Amino acid sequence: MNWNDNLTPWVIGSIVVLLLLAWVIRRIIRRGQRIRSEANPRKISIKDIDKMEDGSEFELYLFHLFQLLGYEEVHKTTSSRDFGADLVFTDRLGRRNVIQAKRYGANHPVGLSAVQEIYTSMRYYEADRSIVLTSARYTEACRTLAAVNGVKLLDREDLMDLIVLFKSRRVEEAMELIEEDDEEPVETWQSRRKRTTR
């Protein structure tokens, strides 16, 4: 028996193992793509959100999440001519809310334009409240402008809390997180000017 006879089973076995491994990896990738394309809030995690191709998948996910939370009149706006809002819904107090969804990387902060766009969209949608919801964080300037204009900001931590609350069937708490008004103290241009002239 020569060494070539011993090598053949090893080569065939290695090829079979590699093919099996490739098949398993392909199944895992397809499963992740399928879960994200379905945008099913019961299956999606923050890791799935981070892997989403673009903002439209995130918007679809939020559309389904807000429906499953029990909000009334949840509408996903069209991509073109959305006037700055991605979702419109009515909360438990009967207030119409507009949401701008920003799916950014964890280290990519959302800036002023998100607040400016969602705030100006309120008139078009005849909304009472405006919200920016992101998978990232906000710049300090964005937080200031949002506070001055009463725009609710929900960041990555809030999104992770929403996911946990929804999956653990604590719907009331999830809705409270969305509906509660921010009570951050606001320093406006005028108050800052007065402080510096003293």
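This is a predicted model: local features need pLDDT of at least 70, side-chain atom pairs count only at pLDDT 80 or more; totals for chains, interfaces and linings use all residues.
Leaving aside its neighbours within four places in sequence, which residues is Thr134 in contact with? Residues are numbered from 1 along each chain as its sequence is written, and side-chain values use heavy atoms, with hydrogens and water left out.

**View 1. Thr134 and its contacts.** Apart from neighbours within four places in sequence, Thr134 is in contact with Lys102, Tyr104, Val110, Leu154, Asp155, Arg156 and Leu159; contact means heavy atoms within 4.5 Å. Thr134 sits in strand E4 (residues 129-134). Helices (H or I, at least four residues) and strands (E, at least two) are DSSP runs, numbered from the N terminus. With a relative accessible area of 0%, Thr134 is buried. Here buried means under 20% relative accessible area, exposed over 50%, and partly exposed in between (1.4 Å probe, protein chains only). Asp155 is 21 residues from Thr134 along the chain, yet their C-alpha atoms are separated by 5.1 Å.

**View 2. Stepping back to the whole chain.** Count the elements and you get 8 helices and 5 strands. From the N terminus on, they run α-α-α-β-β-β-α-β-α-β-α-α-α. Of the 198 residues in the protein chain, 38% are buried. Among contacts with a separation of 6 or more, 57% come from residues 24 or more positions apart.

**View 3. Helix H4 beside helix H5.** Helix H4 (residues 112-125) and helix H5 (residues 140-149) pack at an angle of about 20°, with their axes 8 Å apart. That makes H4 roughly parallel to H5. The axes are lines fitted to C-alpha atoms, for helices over the stretch in contact, and angles run from 0 to 180 degrees between N-to-C directions. Angles under 35 degrees count as roughly parallel, over 145 as roughly antiparallel, 65 to 115 as roughly perpendicular and the rest as oblique. On the H4 side, look for Leu112, Val115, Gln116 and Tyr119; they meet Ala141, Cys142, Leu145, Ala146 and Asn149 in H5. By class, this contact has 7 nonpolar, 2 polar and no charged residues. For these classes, Ala, Val, Leu, Ile, Met, Phe, Trp, Tyr, Cys and Pro count as nonpolar, Asp, Glu, Lys and Arg as charged, and the others, Gly among them, as polar.

**View 4. Salt bridges.** Side chains of opposite charge can pair when their charged atoms come close. The structure holds 9 salt bridges, each one a side-chain nitrogen of Lys or Arg within 4 Å of a carboxyl oxygen of Asp or Glu. One of them joins the side chains of Glu59 and Lys76 (3.3 Å, N to O). Glu59 lies in helix H3 (residues 55-69) and Lys76 in strand E1, so this pair ties together parts that are 17 residues apart in sequence. Glu59 counts as buried at 14% relative accessibility, whereas Lys76, at 31%, counts as partly exposed. Arg143 and Asp155 also meet in a salt bridge (3.2 Å, N to O). Here Arg143 belongs to helix H5 and Asp155 to the loop between strand E5 (151-154) and helix H6 (156-167), 12 residues apart. Arg143 is partly exposed at 21%, while Asp155 is buried at 15%.

View 5. The buried residues of helix H7 (residues 171-179) are Ala174, Met175, Leu177, Ile178 and Glu179. They pack against H3, E2, E4, E5 and H6.

**View 6. The loop between E1 and E2.** Asp82 lies in the loop between strand E1 (72-76) and strand E2 (87-90). Asp82 is buried yet has no salt bridge, and the nearest side chain of opposite charge, Lys76, is 7.8 Å away. For charge, Lys and Arg count as positive and Asp and Glu as negative; His and the chain ends are not counted. Phe83 is found in this loop too, and has a positive phi of about 55° although it is not a glycine. Most residues other than glycine have a negative phi.
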